[in-house]
Amino acid sequence: MSRNVSEKAETPRRVLVGVSAGIAAYKTPELVRRLRERGCEVRVAMTRGAKEFITPLTLQAVSGHRVHETLLDVEAEAGMGHIELARWADDIVVAPATADLLARLAAGMADDLLTTAVLASRARLWLAPAMNHVMWDHPAVRQNIATLEQRGARTLGPGSGSQACGEEGYGRMLAPGEIADAVTAGSEALAGKRFVVTAGPTYEALDPVRFIGNRSSGRMGFAVAEALAEAGAEVTLIAGPVHLSARGGIERIDVRTAAEMRDAVMAQLPADAFVSVAAVADYRPASRSDEKIKRSGESMQLELVPNPDILREVAGLSPRPFVVGFAAETSDVGENARAKLEAKSLDLIAANRVGDDCGFDAGENALVVYSSDREWDLGSASKTALAEKLVSVIAEQMENA
Ligand code: C5P
């Protein structure tokens, strides 16, 4: 078992400001200053067209760092390359976001440094659109915005008023102070509350090289932990074997088996709430061979014994935390989830359908949340967007509990 508080905990919020080619780019240096005033560390990436509106030198002066401009510049990539930049950022704020940039992002293109950094990053993506109001109303733009929001991007504005083209309407980029406020405002809905969250699969060893496991990537659990932290909660994330890193401020404990996960959870209690997102293996081999099991040509039988049901155990404690379970079902999702809510005495259960094409190991998911007397259909969206909605439901229900 290993534990660490993710290294960004004490570091300032790292914001990559992306600038695309709109007249509103003249406001971007002020946005950089407003973000820095609010304690953020800021780096800037510009598209080629943006340089027609504002110079890299201006943005370098206000950010205090060399501006990132090209993808294929050997010298620039030898400094902080695009992947490093993508990993560095907690937030990416594209301001202004032109219709062209939105289209390229929606299409998943990576034809310049900014779009590549967005694709290569797990950072929160904020878009501050700025364009002529007729363009803003165009179905193509609306659809691109809808696609990006569904993947978890947050749109800031645009506002309405007189535009650079001389017309009136929606399409003005929000004021730099408004954008900086939105990016840095954390909700305090769960301030002072301590959450324990489990994520990922567990691996149950058969021998030194083989295990029984499942396809959980851990992304839903990590997204829930991050959304809770963003809502002000103190979060301990107990993760099975996954290839993910958590954003700043989350205490992380790595485990491998269900038994280790159970012990880690119990050691973290009491807490205000327990959210069990992990796909815990229900069974483990009755014995583990110290040597690699040899092939014999004969058929073989594996004896499996049940693992502890961590969720049931936590829900059975007295006093107990607010308990949220997950139900991954291949059929009759609602019915099975409600049955599980009752059988395990949960406060809430978040249910999704899993199959070959959805749920496990995918970026998108669809969730319906049930309490004993209510249900919330959170729709189908990115795991980040769903986690935020789930956290709102949890915060509301904990307040009423
Ligand atoms: O009964 P089922 O395994 O489908 O329940 C799923 C829920 O129970 C999830 O929240 C999962 O994290 C939790 N669970 C657990 N310990 C187990 C099996 C499932 O905590 N051994």
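**Exercise 1. The ligand contacts**

The model is predicted; local features need pLDDT of at least 70, side-chain atom pairs count only at pLDDT 80 or more, and totals for chains, interfaces and linings use all residues. Residues are numbered from 1 along each chain as its sequence is written, and side-chain values use heavy atoms, without hydrogens and water.

Task: Which residues surround the ligand?

Solution. 
- Step 1. The list reads Ser276, Ala278, Val280, Asp282, Pro308, Asp309, Ile310, Leu311, Gly325, Phe326, Lys340 and Lys344.
- Step 2. Sort by class: 6 are nonpolar, 2 polar and 4 charged. Here Ala, Val, Leu, Ile, Met, Phe, Trp, Tyr, Cys and Pro count as nonpolar, Asp, Glu, Lys and Arg as charged, and the others, Gly among them, as polar.
- Step 3. Assign elements: helix H12 (310-315) and strand S17 (322-329) each give at least two residues to the shell. Helices (H or I, at least four residues) and strands (E, at least two) are DSSP runs, numbered from the N terminus.
- Step 4. A nitrogen atom of the ligand is 2.8 Å from a polar backbone atom of Pro308. An oxygen atom of the ligand is 2.4 Å from an N or O atom in the side chain of Lys340.
- Step 5. Check the cover: the protein covers 86% of the 450 Å² of accessible area that the ligand has on its own (Shrake-Rupley method, 1.4 Å probe).

**Exercise 2. Helix H5**

Task: How many residues of helix H5 (residues 99-106) are buried?

Solution. 
- Step 1. Apply the cut-off: buried means under 20% relative accessible area, exposed over 50%, partly exposed in between (1.4 Å probe, protein chains only).
- Step 2. In H5, 6 of 8 residues pass. They are Ala99, Leu101, Leu102, Arg104, Leu105 and Ala106.
- Step 3. Find their partners by contact (heavy atoms within 4.5 Å). These are strand S4 (91-97), helix H6 (113-119), strand S5 (124-129), helix H7 (133-137) and helix H8 (139-150).
- Step 4. Turn to S4, which holds Pro96. A cis peptide bond joins Ala95 to Pro96, with omega about 0 degrees.

**Exercise 3. A positive phi**

Task: Where does Asp332 lie?

Solution. 
- Step 1. Asp332 sits in the loop between S17 and helix H13 (333-343).
- Step 2. Its phi is near 45 degrees, positive in a residue other than glycine.
- Step 3. Asp332 is exposed, at 51% relative accessible area.

Key: A residue is near a molecule or strand if one of its heavy atoms lies within 4 Å of it. A polar contact is a pair of N or O atoms within 3.5 Å; within protein, one must be able to donate a hydrogen and the other to accept it, and residues adjacent in sequence count only if both atoms are side-chain atoms.
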